[in-house]
Amino acid sequence: MAKKKLVKRSWAEPYKIKMVEPIKMTTRAQREKAIKAAGYNTFLLKSEDVYIDLLTDSGTNAMSDYQWSGMMLGDEAYAGSKNFYYLWDNVKRYYGFKYFVPTHQGRAAEHLISKILIKPGDFIPGNMYFTTTKLHQELAGGTFVDVIIDEAHQPQNTHPFKGNIDLQKLEDLIKKVGPKKIPYISMAGPVNMAGGQPFSMKNLKAVRKLADKYGVKMWLDATRITENAYFIKIREKGYKTKSIAAIIKEICSHFEGIWVSAKKDLMVNIGGFLATNNKRVFNEARNMVVIYEGLHTYGGLAGRDMEAMARGIEEMVNYDNIHARVGQIEYFGHRLMEYDIPIVLPIGGHAIFLDAKKFLPHIKQDQFPAQALAAEIYVDSGVRGMERGIVSAGRDKKTGKHIYPNLELVRLTFPRRVYTQAHIDVTFESIVEVYDRRKKITGLKMVYEPKYLRFFQARFKKL
Ligand code: F0G
């Protein structure tokens with residue numbers, strides 16, 4: 001007889017490790033020096049000074065042997081490489097769009113879409129902003145309007161689909177500015193800045209109905225759509241038996257087009273694309289891609305990169321793969337919750353977001369609590385996360401003042417197929433210790449501020 005009764009059976013990753021990359025262990029004194037030299041901005045740390053890197057899941061994924069072997073089949077022709085055609089076929093097959101233009105990463109596709117569709121004076125409603133998406137919309141002369149449901153701005157609210165659009169907010173905007181001033185509704189799933197929160201199929205269908213009523217187009221940021229599809233499968237009625245591939249196809253069928261940073265779902269290190277059924281947009285994108293990226297059959301990528309992307313699409317729709325990915329984040333979140341660490345709920349698809357306002361209530365928002373917390377966690381254990389709060393939100397275009405977002409968060413993001421459960425345990429223990437001495441943590445002062453996307457390069461000093 002076993003000593004202890006088994007309460008539940010576990011799951012594990014559907015892969016094993018074939019190659020390893022050593023990571024450096026550092027001392028606290030070394031890390032204190034490193035973060036000071038980096039101006040208390042984790043983006044400015046040298047990667048070799050980082051132990052567990054949870055800065056992002058973007059381009060930091062482990063490719064499979066199937067993807068790596070494809071890298072050897074790169075057809076490095078300037079024009080018409082066979083990897084391009086294979087990738088195009090897979091975009092058609094899995095996302096359901098006829099036309100496809102590769103780009104070197106997601107923001108390059110955002111750039112093209114924004115330039116093609118937005119006129120100065122336009123308004124672009126969306127389910128919360130993403131930094132690069134909003135900036136490209138603004139650089140094209142548009143104004144981004146957040147029409148996400150209020151629950152998305154409340155970190156502890158457990159609404160299962162916090163990525164949903166508030167239909168009333170959307171219709172109010174359409175009525176106020178007129179449908180002609182809205183080039184498209186900009187939807188993302190899951191919503192990165194809200195904590196990796198999905199939209200539901202029900203909400204998507206309702207948004208589509210409203211869009212059709214006013215003749216407004218819809219475009220999707222499908223960067224992490226596999227995670228959104230997974231949440232629909234497990235949380236929404238009627239989708240339990242549908243495959244991830246079928247759900248992704250159904251989501252995409254509601255949009256005129258999508259843009260994608262392939263550095264996430266597709267589990268590659270570089271790449272992006274846009275895809276659409278609108279031939280006019282396709283032709284314009286093909287015209288423009290040669291100015292900014294490269295020929296329309298490579299868009300700033302090598303043939304081998306496109307091969308790895310094409311194979312990544314086939315792997316991303318594998319249920320066991322996405323289940324293990326989200327499962328890892330859930331494991332981390334539940335461990336933190338056991339110790340009452342304030343995190344954004346429900347647990348999202350790509351990251352755990354610490355609620356810095358609750359974690360450090362004694363630091364005022366304009367003294368950058370999330371920035372200070374990310375720096376403190378790095379000093380404690382060499383774990384690198386990133387600020388997603390007032391620094392990321394930037395300044396108001398008109399007044400020049402800081403935007404004060406409700407969400408003041410530190411994001412701990414998991415690259416796909418990279419870290420083990422032991423890495424997660426080390427991270428979680430570090431956060432518990434930092435939490436125990438949170439009252440001693442002080443705020444920061446910004447001493448250098450770049451003009452665009454300031455969070456990447458801003459520098460701070462300790463107050
Ligand atoms: N859209 C979303 C939802 C993203 O998360 C990102 C990038 C982009 C577009 C831009 O794509 O980086 O390939 O140019 N997000 C990364 C992150 C940087 O860490 O969340 P990119």
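Modeller: The side chains of Asn192 and His350 are joined by a polar contact of 2.8 Å. A polar contact here is a pair of N or O atoms within 3.5 Å; within protein, one must be able to donate a hydrogen and the other to accept it, and residues adjacent in sequence count only if both atoms are side-chain atoms. This is a predicted model, in which local features need pLDDT of at least 70 and side-chain atom pairs count only at pLDDT 80 or more, while totals for chains, interfaces and linings use all residues. Residues are numbered from 1 along each chain as its sequence is written, and side-chain values use heavy atoms, with hydrogens and water left out.

Asn192 sits in the loop between β5 (185-188) and α7 (201-214); helices (H or I, at least four residues) and strands (E, at least two) are DSSP runs, numbered from the N terminus. Asn192 counts as buried because its relative accessibility is 8% (buried is under 20% relative accessible area, exposed over 50%, partly exposed in between, with a 1.4 Å probe and protein chains only). Beyond its neighbours within four places in sequence, Asn192 is in contact (heavy atoms within 4.5 Å) with Phe130, Arg224, His350, Phe353 and Arg411.

Domain 1 gives 34 residues to the contact and domain 2 gives 43 residues.

Helix α8 (residues 225-235) packs against helix α12 (residues 319-338) at an angle of about 90°, and their axes are 10 Å apart. Axes are lines fitted to C-alpha atoms, for helices over the stretch in contact, and angles run from 0 to 180 degrees between N-to-C directions. That angle makes α8 roughly perpendicular to α12 (65 to 115 degrees; under 35 is roughly parallel, over 145 roughly antiparallel, the rest oblique). From α8, the contact uses Thr226, Glu227, Tyr230, Phe231 and Lys233, and from α12 it uses Tyr319, Ile322, His323, Arg325 and Val326. By class, five residues of this contact are nonpolar, two polar and three charged. Ala, Val, Leu, Ile, Met, Phe, Trp, Tyr, Cys and Pro count as nonpolar, Asp, Glu, Lys and Arg as charged, and the others, Gly among them, as polar.
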